[in-house]
Amino acid sequence: MRMPHEVDALVVGAGFSGLYSMHKLRGLGLSTVILEKGDGVGGTWYWNRYPGARCDVESPYYSYSFDEDLQQDWEWTERYPAQPELLKYINHVADRFDLRKDIFFETTVVSAVFDESTERWTVTSIGPDGGSVISAKYCIMATGCLSSARMPDIPGINSFTGRLLHTGMWPHEEVDFTGQRVGVIGTGSSGIQAIPMIAKQAKNLQVFQRTANFSVPAFNGPIDQEWFAKIKANYPELRERSRHTAMGIPYQRRNQAAVDISEDERRAVFEEHWPKGGFRISSCFNDLMRNKESNDSLSDFVRAKIEQTVTDPKTAELLKPYGYPITGKRICVDTDYYATFNRENVQLIDVKSDPIVEITPTGVRTESNFYELDALVVATGFDAMTGAMLRMDIRGRDGASLREHWDAGARTYLGVAIAGFPNLFTIAGPGSPSVLSNMLTSIEQHVEWITDHLAYLQAKGYETSEATTASEAGWVEHVRELADQTLFPTANSWYLGANVPGKPRVFMPYVGGVGTYRAHCEGVAAREYEGFALK
Ligand code: FAD
Ligand code: N01
């Protein structure tokens, strides 16, 4: 397949965001290509193939809503779909809408430069046949919020002679840990999903935990066909409801503050929600992220569950998270995580009190011990929200670089546009609800808003759209103000960039909720794209 020299729209990334963008852009009659680093579609679900990788949103809701036939035809098999099923789904979508023919795989975009004389973007990439340059009127960065995997900066990591694996760059072939001594560094969502699965295979598993995380059980299982049939019958209404909720999932949040009732009554509400699984526990009161006392109640409740599950009291104590609010980091949704520490072949190593000092060719050395390993899994996360964008050299008007523009933290207008970078749009970027939501709901909203905007530009004969500096500054301030009214900034999370040494500490996602955000975006559009300079 030959790469064109010129297109109307160029999309970077072939995950859920990129594929839907391509479908909608084609619908506007725009010639469109996608450039994708991987050799297949799927994004997150292409790269994260570690054992246990699974969605934390129920399958009927973590799926596209834009096509009624698609959502009626597709049959989910589990309540929370695992990575292979999600990858199958997204491949089905690519085929069903004939998207593949315009996707260039194994092609990494290295730079995008705005040419003021032509008002077009020059996008340079490296692919299987070497370097290529495409000129595009519109650039859609569908590069993902959690697509820039980070290896930990531990001395000697590259000297390890056993198998070294990052959860976010997992090999395509099955990895068999049978009979091996395995170490896992990291107990975020990825580690928490992988650990129970690896424990079942490995001879011995050492879990290196620096910060304990809050995790709640998914209570996953085969999908309840009666429940799924009801959802299918009511899909339009449920999807519409999702679009106006805080998280983009059609759960009813109880409209009550935990502080308004006694501790015993709160506990009864938590107990009632616990067996429902996953995020439902965090929607049982409306003040959990606004009031420390409320949050402490839920934190205590989850810590008590850990204590009830883990038989060794010392291990249970280490697994209990302290020092930050529950849901201040995306809550982990697990299957048998805490119970895994009751297995004889699993040990929890507290690397907060006994830090890792180096990785040697044969294992992990902490200040006071050495752990010999055949395989080391690093589940150490991502340079989130900005990493993929900043790996490229993006230059807007006057050659201004995005790296400099975001030097003190990401700045966007509405999370979709950047001042000084005309006709360039980001999907689920910093400044939008993004990672605080069911991302499928947020992705669809962004793609639809952006393509409606492009349709408007075409209809009115505008060549460029650009967020103004003032509107961007106003939005950045609004996002900060909203975050400061919550407990979110009190956790050292990747939402704040706290996991990347030297990254500016700015709370990146919009905490106001999917519905409020949507209303905001719709208002901007209704006021003829207020805050954008259109020429
Ligand atoms: P991605 O899926 O990340 O796709 C971005 C694509 O861009 C990638 O394929 C990447 O290779 C490509 N790319 C990036 N830079 C370049 C470049 N320079 N050149 C070429 N290609 C490039 N969200 C939820 O709502 N619920 C969940 O349960 C959930 N589970 C998750 C589990 C894991 C393990 C991870 C990492 C994330 C999870 N997320 C979840 C968030 C998830 O990222 C989104 O739900 C969604 O898949 C994002 O889709 P996307 O298309 O925006 O980005
Ligand atoms: O990454 P993380 P992740 N030495 O950054 C530890 C989504 N997701 O890949 O907290 C020792 O959360 C680090 O410790 P600390 C979801 O949005 C969803 O797990 O820095 N430890 C932490 O424990 C999620 O939030 C699912 O002290 C080191 C861990 O590594 C996001 O992706 C599944 C270390 C990193 O946790 C990221 O999750 C998977 C070091 N040098 C992912 N460096 C679902 O379930 C880091 N750590 C849907």
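In the predicted model, the charged end of lysine 329 sits over the ring of tyrosine 324, 4.5 Å from the ring centre. A charge counts as over a ring if NZ of Lys or CZ of Arg is within 6 Å of the ring centre and within 35 degrees of the ring normal. Arginine 49 likewise lies over the face of tyrosine 46, at 4.9 Å from the ring centre.

Numbering runs from 1 along each chain as its sequence is written, and chains are lettered from A, with ligands numbered from 1, in the order in which they are written. Local features need pLDDT of at least 70, side-chain atom pairs count only at pLDDT 80 or more, and totals for chains, interfaces and linings use all residues, while side-chain values use heavy atoms, without hydrogens and water.

Aromatic pairs number 35 in the structure. Rings of Phe, Tyr and Trp (its six-membered ring) pair if their centres lie within 6.5 Å; planes under 30 degrees apart are stacked, over 60 edge-to-face, the rest tilted. Tyrosine 20 and tyrosine 64 form a tilted pair, at 5.8 Å centre to centre and 50° between the planes. Tyrosine 20 belongs to helix 1 (residues 16-27), and tyrosine 64 to the loop between helix 2 (44-47) and helix 3 (68-73), 44 residues apart. Helices are DSSP runs (H or I, at least four residues), numbered from the N terminus. Tyrosine 20 is buried at 2% relative accessibility, and tyrosine 64 is buried at 0%. Buried means under 20% relative accessible area (1.4 Å probe, protein chains only).

Tyrosine 495 and phenylalanine 507 pair edge-to-face, because their planes stand at 65°, with centres 5.8 Å apart. Both residues, tyrosine 495 and phenylalanine 507, are buried.

Definitions and conventions:
Helices (H or I, at least four residues) and strands (E, at least two) are DSSP runs, numbered from the N terminus. Buried means under 20% relative accessible area, exposed over 50%, partly exposed in between (1.4 Å probe, protein chains only).
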